[in-house]
Every structure is written in structure tokens, then in C-alpha cells.
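Trainee: I am new to this structure and would be grateful for a close look at a single part of it. May I show the sequence and the structure before I put my request?

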Amino acid sequence: MTNVDLRETKRPHRVSVGLSTPWDLWNLDAAARRDRLESIADAGIDHLFTADHISFHDGSGLDAPVMLAALSGIEPRLDLHAGVLLLALRHPMVVARQIATLAEVAPGRVTIGVGVGGEDRHEFEVCGVDPATRGRRTDAGLAIVRALLAGDTVDGDGEFYDFTGGVIRPTPSSQIPFLVGGRSDAALQRAGRLADGWLATWCSPTRCGQAIGLVEGRDRVPDGGWQHAVQLWVGVGASRAEGRTHVATRMESFYKIPFERFEKYTPTGNAEQIAEFLRPYVDAGATTFNLTPCGADREVEYETIAAVRTLLTS
């Protein structure tokens, strides 16, 4: 594994900070939705991100491309990130068309994180996909999608996708950044070969730096340069203890396991305390943060994360 001395690395010139799509957004009327996203943009947040599942555990989920399309017209100042799209559950021709359409309605605003999933094997089975093939399918699908979006005429890989002469028109006017999520060495190798960067979660700054070194340790640099993201839950409060209370309650309800399993990867407290927790990730090479804030009040959540962004970029 590549070793990275965090003391000697330089921070990127710009750090992008985004929020998970508000859980209650679609319970609001159209005017209230606009107000909610306007307040996020006004606070200085860069982007929104959304997860992706077809039928997770009890059938829960949402479709990331559809969600990003719905968000795109509400507040044009916010960029749109998928974190992460389960590419192996979809045909790459369909995914390429979805992303090309997103690029038309939100030009220059789309970033796609791709993951292999697998936490719920049944989700793959109900989609007719062998869970054991999800890594190879993702490799094949990502290569096909990127070639289609670059304007190439593409044939299937011959193992999972059997077609010839696939074409998508129009192609995006600017390149869509793709990040690969996952903690395994296979995921890091996939990011280095096929993507523009890595999307990390549940890892320390030291491991983040080591992983980024492995991803970048190849004879290629993406056209737009490397982009690396960290996706974390955040407890917002006047103190670390208060912030912990908010995020622990939410995470335990969502994941159905004790918060202690996540605690060492979860920043809590006020803006200064959260930024202190995140800054080593910036030093390790992270350029983007996808944050899910949990606090007592929505406006306080947004203002706190915006203040974190200012602290990380100053």
C-alpha cells in the first residue's frame, strides 16, 4: 500500500461541500421546495447529492438519475451528485442516456459516483443480476457508459452486454466527472483505471490518503484532474455531545445498528469542531465532501455546514 505523509501534502485550491437531499423535501409544496433549496444555495453550499437503490432490504430506495433530474430545475446554483449509482443493476445504454439527458437539463452541474453495492444481495437478485458478478459488471458498464458519453460508437463487452453499434446523441457539452466508491482494493483499482477519482466513506484520513495514492499511482491523469470525495454523516450542535445526540439517533434509526460502529468516522459539534475533523481529509487529497447533517434545526444545519466550507477553503 502506498504511504502518504499528510504533513507534506498540499490542499487543493478549491474544496466543494455538498449536502444530502433533504429527506422531507418532497413532502413540501412547490414553493416551499424552492425556498428550501434557495436557503441551501444562499448559505454557500455547492451541491446536493443523493443515494441510489432499486429495492433495498424492505423494498426501500430511490432512483438517483430521476432524483437529480427532479432537483435540477428547482435551484440552478446547486450542482448535482450521485453518491453512489448502482450501475450493475442497469443496462449501460440506458444509464448513458439518462446521464446525457441530465447533462442537457443541467449542463456542467453533474457528477456521478458509481458503486458496486452488495449490502443486500436480494436487491441484485430481483433485478436478475448475480451478486457475484457485480464488480465485473460495474467495470464493463462504466467503460461502456464513459465511451458512449465521449461520443464513441460502442459494442458490448461480450460477457454481460451483447450489442453492437451503440450510440448516444447528443453527447454532453462538457465532460461528466465519474467517481468510484468502495473501500476494497478492487474499488480503488477501478477508480484508477476507469474514473476521475475515488469516493470514500467510513475511513480514516490516513487510510484516505493511502487509498488516494493507490488510485493516482497509474500512468494516467483524467482530463479534468483527479477529484476525490468523502461522504459522511455529521452531528450538528453547540458541542460535540449535542451533535452526537442528533446524529446517533438518526443513524441508528436508519442503519439499525449501534452508533458506536460509526462514531470514529462521524464529526460532531459546531462548525470549528467539524472543520477540525475534516481538515485532515483535505490534506490527504479530498476535494469534495458529501455531508448528511443531523441537528435540531434545518437552517442551523445549513448555516453550520456553510461555515465548515468557509473554514476548509480559507
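Predicted model: local features only at pLDDT ≥ 70, side-chain atom pairs only at ≥ 80, totals over all residues.

Leaving aside its neighbours within four places in sequence, which residues is Glu 123 in contact with?

Mentor: Glu 123 is placed in helix H4, which covers residues 121-125. Apart from neighbours within four places in sequence, Glu 123 touches His 53, Ile 54, Ser 55, Phe 56, Leu 86 and Leu 89. The relative accessible area of Glu 123 is 2%, so this residue counts as buried.

Ser 60 is partly exposed, because its relative accessibility is 38%, whereas Glu 123 is buried. From Ser 60 to Thr 288 there are 228 residues along the chain, and the C-alpha atoms of this pair are separated by 27 Å.

On the H2 side the contact is made by Pro 65, Leu 68, Ala 69 and Ser 72, which meet Gln 98, Leu 102 and Val 105 of H3. By class, the residues of this contact are five nonpolar, two polar and no charged.

H3, spanning residues 92-105, also packs with H5, spanning residues 134-149; here the axes come within 9 Å and cross at roughly 45°. H3 and H5 are therefore oblique to each other, and H3 passes H5 in a right-handed crossing. From H3, Pro 92, Met 93, Val 95, Ala 96, Ile 99 and Ala 100 take part, and they meet Gly 141, Ile 144, Val 145, Leu 148 and Leu 149 of H5. This contact of H3 with H5 comprises 10 nonpolar residues, one polar residue and no charged residues.

Another pair is formed by H6 (residues 185-194) and H7 (residues 205-216), whose axes lie 8 Å apart at an angle of about 50°. H6 and H7 are therefore oblique to each other, and the crossing of H6 past H7 is right-handed. Asp 185, Leu 188, Ala 191 and Gly 192 of H6 meet Arg 207, Ala 211, Leu 214 and Val 215 of H7. The residues of the contact of H6 with H7 include two charged ones, beside five nonpolar and one polar.

The cysteines remain. The structure holds zero disulfides. For Cys 208, the closest cysteine sulfur is that of Cys 203, and the 4.7 Å between the two sulfurs is too far for a bond. Cys 208 is buried, because its relative accessible area is 1%. Cys 294 is likewise in no disulfide, since the nearest cysteine sulfur, again that of Cys 203, is 19 Å away. Cys 294 has a relative accessible area of 0% and is therefore buried.

Methods: Residues numbered from 1 in each chain as written. Heavy atoms only, no water. Axes fitted to C-alpha atoms, helices over the stretch in contact; angles between N-to-C directions. Helix = DSSP H or I, 4+ residues; strand = E, 2+ residues; numbered from the N terminus. Parallel < 35°, antiparallel > 145°, perpendicular 65-115°, else oblique. Left-handed = near helix turned anticlockwise from the far one by under 90°. Contact = heavy atoms within 4.5 Å. Nonpolar A, V, L, I, M, F, W, Y, C, P; charged D, E, K, R; others polar. Disulfide = S-S within 2.5 Å. Buried < 20%, exposed > 50% of the residue type's maximum accessible area, 1.4 Å probe, protein only.
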